[in-house]
Amino acid sequence: EFDPKAQLLRILEDYPGGQLVSEAVQNAEDGGASQFTLLLDLRHHAIEHQAIAGPAFVLIDNGRGFSEREWTSLRAVNKSEKRSSPSEIGAFGMGSRSYFHYSDVTLVASRGQYGGIDPLKVLPGRHGGWHVSLSEGEIRAEADVLFSPTVAGLCEGFDRMQRGALIRLPLRREQDVLREQEQSDDGQPLAPEITVARAEELFAQWAESAPRLLLFLTSMRRVSFYRWRSGAAQPELVADTNKKYLRGGPRPRLPPSLPDNVTRTYATLREHIVDLSASARAALSATQEAVVRVELSQPAPQGASSSVSAIDWFVCERLDFITPSVLDAMRKGCCSHATPVIPVVGIAMPLTADGVPFVGVPYCFLPIGQMRTGLPVQVNGSFRPTPNRRELWLPGEELDGNHEKFALWNEVLMNDAVPALWLEALRNLASAGIATTAGGIATTAGRQFDILSVLPDLAAVDNVWRPCAEKL
């Protein structure tokens, strides 16, 4: 009933590429995964359809895997099934739609099912997509090659019949681009070719960004990157990032004390919260603190020692139902079906660095594009990013109704909720039982930490975040 290529072109124009790992980790987090693996598979496989036989990005997680809801969402590339769910961070991203930047076909093996999305009908006889049991003959043989036990074993806990999801994105080839140009009235391909060199470049960027991904996630503990070279017998580990709780534990996405019927939609949650007493809202807004270590390991060439770097963080997070301006924004229509969001804020203070340069970035559970804050801490919030997840909506004269609400929401989180939590985090850090002498704190690594190092230098702060720093 619609032109799939035209629909995909609009999606890709709205959502620039480069964020595959963030989107995939976001999906894995929503599925309750503790581990995510990205494999750059540079081999060519002996299967019938050459369009899916060559080099590919392979995404693996050990979460709950695909239910009918996820299969439906995958097929409906123009919308997300997570938009109405307060408990899932996927509402803030583009999910599987990002895959079309790299591949014309998406292949999925999960919980005994093998599915493919082929909107441009690259594969003859597959009718634009398929969804079958992994036990079926011809299809199973293809899946056994593409999703081999060795590949599946790169993510601990993944079981293609029981748990997790394995997604293969064959890199878009030159012949795919030429075919699309020939078949198109305007000669425009869906997206450029992804050469092996370009795939390697993206892979290196994503591996470098991995330590920033885990900080504010709830279930994810490990992100690994592997490369399987053409002709090699086994894949090689390129980078491995692990998150450990040295003190405390993860904050649940929503308080378990909230009734199920309240958390089903943003609208019911908002109505419940604004009707609560001040003391009940304060109880739901209790700050949870933890000490977290994020460690990056990078194997070295044979004969050399591996590279290991780590940062310990003092992390404070809370649902904020007590800041007056946040409640006022909720009453004005934020946290509704049209503007789905709940007030989450977090602060992470670096306690140790081991020589790792610190760059302050804003998070909406995952880093927001290439934005920089200039702050000496990492800031997390249920901000409203722009559709491409690279910027935040900010107040301006040209905003329409919903976008104006997005900007208002971001403004009250940035300028009111974040400074309030930052101040509380400083007080908690000084009285957390790890304080030693005046002016210093003994960190988990036994070093002295200057608490002044997590106060902002106004001259270094980005203009967008200056009101936040000044408020603190």
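## The largest cavity

Strand 8 (236–247), strand 9 (288–298) and strand 10 (307–319) each contribute at least two residues to the lining of the largest cavity, and the largest share of that lining, four residues, belongs to strand 9. The model in which this cavity is found is a predicted one, and the space in the largest cavity comes to about 110 Å³. In total, 16 residues line the largest cavity, and those nearest its centre are Tyr245, Pro250, Arg251, Val315 and Glu317.

Sorted by class, the lining of the largest cavity is made up of eight nonpolar, three polar and five charged residues. The count of cavities of 30 Å³ or more in the model is three.

## Overall make-up

The protein is built with 12 helices and 16 strands, and 55% of its 472 residues count as buried. Where contacts join residues at least 6 apart in sequence, 68% of these contacts are between residues at least 24 apart.

## Helix 2 and what covers it

Helix 2 (residues 20–30) is largely enclosed by the rest of the structure, because 10 of its 11 residues are buried.

## Helix 10 against helix 11

Helix 10 (residues 324–331) packs with helix 11 (residues 401–430) at an angle of about 170 degrees, and the axes of the two helices lie 9 Å apart. Because angles over 145 degrees count as roughly antiparallel, helix 10 is described as roughly antiparallel to helix 11.

On the side of helix 10 the contact is made by Ser325, Val326, Ala329 and Met330, and on the side of helix 11 by Leu408, Trp409, Val412, Leu413, Asp416 and Ala417. By class, the residues of this contact between helix 10 and helix 11 are eight nonpolar, one polar and one charged.

## Two residues with positive phi

Arg111 is a residue other than glycine with a positive phi, near 50 degrees, and its place is the loop between strand 3 (106–110) and strand 4 (113–117). With a relative accessibility of 36%, Arg111 counts as partly exposed.

Phe365, which is not a glycine either, has a positive phi of about 75 degrees and sits in the loop between strand 12 (362–364) and strand 13. Is Phe365 buried or exposed? Its relative accessible area is 2%, and since buried means under 20%, Phe365 counts as buried.

## Buried residues and their contacts

Thr106 is part of strand 3 and, at 1% relative accessibility, counts as buried. Leaving out residues up to four places away in sequence, Thr106 touches Leu74, Tyr99, Phe100, Gly115, Gly116, Ile117, Ile167, Arg168 and Leu169.

Ile368 lies in the loop between strand 13 and strand 14 (378–381), and it is buried, with a relative accessible area of 1%. With residues up to four places away in sequence again left out, Ile368 touches Pro362, Tyr363, Phe383, Arg389, Arg390, Glu391 and Leu392. The C-alpha atom of Ile368 is separated by 9.5 Å from that of Thr386, a residue 18 residues apart from Ile368 along the chain.

## Pro467 in helix 12

Pro467 is located in helix 12 (residues 466–471) and is partly exposed, with a relative accessible area of 34%. Between the C-alpha atoms of Pro467 and Pro419 the separation is 9.4 Å, while along the chain these two prolines are 48 residues apart.

Key. Residues are numbered from 1 along each chain as its sequence is written. This is a predicted model: local features need pLDDT of at least 70, side-chain atom pairs count only at pLDDT 80 or more; totals for chains, interfaces and linings use all residues. Side-chain values use heavy atoms; hydrogens and water are left out. Axes are lines fitted to C-alpha atoms, for helices over the stretch in contact, and angles run from 0 to 180 degrees between N-to-C directions. Angles under 35 degrees count as roughly parallel, over 145 as roughly antiparallel, 65 to 115 as roughly perpendicular and the rest as oblique. Contact means heavy atoms within 4.5 Å. Ala, Val, Leu, Ile, Met, Phe, Trp, Tyr, Cys and Pro count as nonpolar, Asp, Glu, Lys and Arg as charged, and the others, Gly among them, as polar. Buried means under 20% relative accessible area, exposed over 50%, partly exposed in between (1.4 Å probe, protein chains only). On a 1 Å grid over the protein atoms alone, a cavity is a set of points where a 1.4 Å probe fits but cannot get out, and a pocket is an open set with protein on both sides within 12 Å along at least five of seven lines; lining residues have an atom within 4 Å of a point. Grid points are joined across faces, edges and corners, and a volume is the space filled by probe spheres set on the points.
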